[in-house]
Amino acid sequence: MTPLVTARRLTLDLGEWRTSGPAYRALADRVRILLMDGRLASGSRLPAERELSLALQVSRTTVAAAYAKLRDDGYLLSIRGSGSTLALPGGARGSQPLETGLPLDFTKATAPAYPGLAAAYLQAAEELPRYLGHDGFDMTGLPELREAIAGHYEARGLRTAPDQIMVTIGAQHGLSLLTQTLYSAGERILVEQPTYPHALDTFAAAGARMLALPVSAESGWDVAAAQLQIRRSVPSMAYLMPDFHNPTGLSLDVDGRARLSAAAQREGTVLVADETTAWLDIDRGTLPPLASFSSQVVTLGSLGKLAWGGLRIGWIRGPRELLARVLRNRPALDLGTPIFEQLVAIKLMADLPALTASRRRGLREGRDTLVELLATHIPQWDVHVPDGGMSLWINTGSVSTSALALAARAEGLAIVPGPRFGMDGAFERFLRIPFAYSAEQLSQGVQILAEASTKVGSSPLRMPLQAVI
Ligand SMILES: Cc1ncc(COP(=O)(O)O)c(C=O)c1O
């Protein structure tokens, strides 16, 4: 059956949808953005016009005109008796057409492949024949790779045995495995707000109710709010990125690490520390890993941001008993991590200082270039300069970044609007700009954004912030 988007759900997802232009056009544009960045699934059914007009408190004519525009533009199919179904023009090419077709793609915070990567693949190919006697279904990881990963934690001061590591097909896969193992229907998951969008997708797919742990450039992690949420709602897990958080680039301070892990330990909430971004230090220096504060912290790691997204090697570090449960659940998702990529990963783990130094150089250049470009071309935006990570998380003050993303798209730049990083339409005025691009690409991107932001103008928030109590 076609899934229905209820009027209530759509109202939440639409968030601040009104602009200074005609209401029907603003509504159609916003639905189109939600569809394009994957927040509304192609094939899902929109609510009846009457229901949506009541929920949004607009006339039915407005909703009818918005639906008609979406239909004319090829984003909505109306079939008698089945209502109005969302569709991506050009057929089912996947849920993220933003990825394709545009000259500049700023939708992902990734960096180019490590220059030594091709050589690592060639060396791995030489070693592959030694592994071909094995059946190839490797559900825990090659012993040499698990040893190398454990050694990496030991070097960071965390006692780790190789059997506390399970190698996965990237950190995203590790997160799915952990969610499947730790979460049961009806429970809650505490998630940073903003956060990494595919974590939200993973939790939503599990049907989880999410609780927000606010993170902001001004005040960092709201640890007191998180402690309260943990005490009151006892979430089964809490997902956080303590080091160079995506999208803000911030790091949780030592005191916050200690307080959060103590609160979680008291209530039995498992803290999942996603360290995919932990390698991305530009000028911060080391901080103790979250797992050093409690044995109940489970850590996700990945070589995706350090070496290459296409490598697809990640891991889970956690208590043996938990890994045994994950292992029992794993065949429902996959039958093991590819051997060849693990051999490449072994080579890379032996070369970590060179990898991190190379990444750091690139990120520093990208960050400084982007900060300078923004100061020159869009000085009114409030830019917090992070000491690591791969992106700037910018408070535009008054720009609807959903409208901005649409306008930028028309000029050949794909970029993700702020609400994709939050729940229920939050962060409409925020924009993530990844900086691991060449100076030329960053310059083109910022020029497009500067022009687009002039075009879409600013619309003050309908509700002044001080009125929110
Ligand atoms: C915070 C975070 N976790 C996980 C992932 C996915 O990692 P992988 O490519 O290893 O699956 C990303 C990638 O963007 C990320 O930013």
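Start with Lys-305: one of its polar side-chain atoms lies 2.7 Å from an oxygen atom of the ligand. Keep in mind that this is a predicted model. Taken alone, the ligand exposes 400 Å², and the protein buries 88% of that.

Ser-302 has an N or O atom in its side chain 2.6 Å from a ligand oxygen, and Asp-274 puts a side-chain N or O atom 2.6 Å from a ligand nitrogen. Here are those contacts laid out:

| Residue | Ligand atom | Distance |
|---|---|---|
| Asp-274 | nitrogen | 2.6 Å |
| Ser-302 | oxygen | 2.6 Å |
| Lys-305 | oxygen | 2.7 Å |

Who else is in the shell?

Now for the helix pair. Helix H14 (residues 401-410) packs against helix H15 (residues 439-456) at an angle of about 120°, and their axes are 9 Å apart. Because of that angle, H14 counts as oblique to H15. As for handedness, the crossing of H14 past H15 is right-handed.

Key
Residues are numbered from 1 along each chain as its sequence is written. This is a predicted model: local features need pLDDT of at least 70, side-chain atom pairs count only at pLDDT 80 or more; totals for chains, interfaces and linings use all residues. Side-chain values use heavy atoms; hydrogens and water are left out. A polar contact is a pair of N or O atoms within 3.5 Å; within protein, one must be able to donate a hydrogen and the other to accept it, and residues adjacent in sequence count only if both atoms are side-chain atoms. Accessible areas come from the Shrake-Rupley method with a 1.4 Å probe; for residues, only the protein chains shown count as cover. Axes are lines fitted to C-alpha atoms, for helices over the stretch in contact, and angles run from 0 to 180 degrees between N-to-C directions. Helices (H or I, at least four residues) and strands (E, at least two) are DSSP runs, numbered from the N terminus. Angles under 35 degrees count as roughly parallel, over 145 as roughly antiparallel, 65 to 115 as roughly perpendicular and the rest as oblique. A crossing is left-handed if the near helix is turned anticlockwise from the far one by less than a right angle, and right-handed if clockwise.
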